Amino acid sequence: MGKDSGECEVETGAAVVKESALAEYRIDSAPLVDIPRRTDTLTSAARSERMSRIHGKDTQPEMKIRRLVHGMGYRYRLHRRDLPGKPDLVFSSRRKVIFVHGCFWHRHPDARCKLARLPKSRLDFWQPKLENNRARDLEKQKQLVEDGWRVLVLWECELRDASGLEQRLRSFLDD
Ligand SMILES: [Zn+2]
């Protein structure tokens, strides 16, 4: 076990407590692609609440990556506050970071991504908000690269291809 595993366990424990209160949003038990179809029928209040959860740390996609990376034998720290953008996973000695981004909230720039589609209602509210998130992400990533970090961004919709994911992680972390 690496020296960072204790910290990882503490964070994981906190996330479990948090998630148990959020039974409605259990995306590990449903296909990810079902979420945007349902969100269009949400009231704006329900949507805001859901988005604030997705925006928070310890999301299901992030937990999935943590488990995978940990199982592959790599050790990391979580959300280092001293780094731009508080990267989700930080591999300090390798000087590498990974962000796990929800496609909707972080505006996945891929036309094929169904999760990133904008809602039909209140577009005037969502579009600038989400574009702003995207711009902020890019700015933080730029700062990290300028400070000598290498950055990998994994998108929520990419996580279903487990073997491809493992390969990408390995080549990023070992390179
Ligand atoms: Zn996506």
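Q: What share of the contacts in the chain with a separation of 6 or more comes from residues 24 or more positions apart?
A: Residues 24 or more positions apart account for 66% of those contacts. Two residues are called in contact if their C-beta atoms, placed from the backbone, lie within 7 Å. The model is predicted, and local features need pLDDT of at least 70, side-chain atom pairs count only at pLDDT 80 or more, and totals for chains, interfaces and linings use all residues. Residues are numbered from 1 along each chain as its sequence is written.

Q: How many helices and strands does the chain have, and what makes a run of residues count as one?
A: The chain holds 6 helices and 4 strands. A helix is a DSSP run of H or I with at least four residues, a strand is a run of E with at least two, and both are numbered from the N terminus. In sequence order the pattern reads α-α-α-α-β-β-β-α-β-α.

Q: Why is G102 called buried?
A: A residue is buried if 20 or more other C-beta atoms, placed from the backbone, lie within 10 Å of its own, exposed if 12 or fewer do, and partly exposed in between. G102 has 25 C-beta neighbours inside 10 Å and therefore counts as buried. G102 sits in the loop between β3 and α5. Its C-alpha is 8.9 Å from that of E62, although the two are 40 residues apart in sequence. Across the chain, buried residues make up 18% of the 175 residues.

Q: Why are H79 and R122 called partly exposed?
A: H79 has 15 C-beta neighbours inside 10 Å, so it counts as partly exposed. R122 has 13 other C-beta atoms within 10 Å, so it is partly exposed as well. H79 lies in the loop between β1 (77–78) and β2 (89–91), whereas R122 lies in the loop between β3 (96–101) and α5 (123–146). Neither is a glycine, yet phi is positive, about 45° at H79 and about 55° at R122.

Q: How do you know that the span of α4 is close to the expected one?
A: The expected span of a helix is 1.5 Å times one less than its number of residues. Helix α4 (residues 60–71) has 12 residues and reaches 16 Å from first to last C-alpha, close to the 16 Å expected. G73, whose phi is positive, near 100°, follows α4.

Q: Which residues of α4 are buried, and what do they pack against?
A: The buried residues of α4 are Q60, P61, E62, I65, R66 and V69. They pack against β2, β3, β4 (150–155) and α6 (162–174).

Q: What makes a set of residues a nonpolar core, and which members of the largest one touch the most others?
A: A nonpolar core is a set of buried Ala, Val, Leu, Ile, Met, Phe, Trp, Tyr and Cys residues joined through C-beta atoms within 7 Å. The largest has 13 residues, of which I65, Y76, L89, V90, V97, I98 and V100 touch the most other members. At least two residues each come from α4, β2 and β3, and β3 gives the largest share, 4 residues. Neighbours within four places in sequence aside, I65 is in contact with L89, I98, V100 and L154. Another core, of 5 residues, lies apart from it and includes F104, W105, A116 and C157. In soluble globular proteins, nonpolar side chains tend to be buried together.

Q: What makes two strands a pair, and in what order do the strands stand in the sheet?
A: Two strands pair if DSSP finds at least two bridges between them. The 4 strands form an open sheet in the order β1-β2-β3-β4, with mixed pairing. The edge strands are β1 and β4, each pairing on one side only. Between β2 and β3, which run antiparallel, there are 3 bridges. L89 has I98 in β3 as its bridge partner.

Q: Why is N133 called partly exposed?
A: N133 has 17 other C-beta atoms within 10 Å, so it is partly exposed. N133 lies in helix α5. Leaving aside neighbours within four places in sequence, N133 is in contact with W105, H106 and R107. N133 and R107 are 26 residues apart in sequence and 7.6 Å apart in space, C-alpha to C-alpha.

Q: How far does α5 reach from its first C-alpha to its last?
A: Helix α5 has 24 residues and reaches 34 Å, close to the 34 Å expected. Just after α5, G148 takes a positive phi of about 95°.
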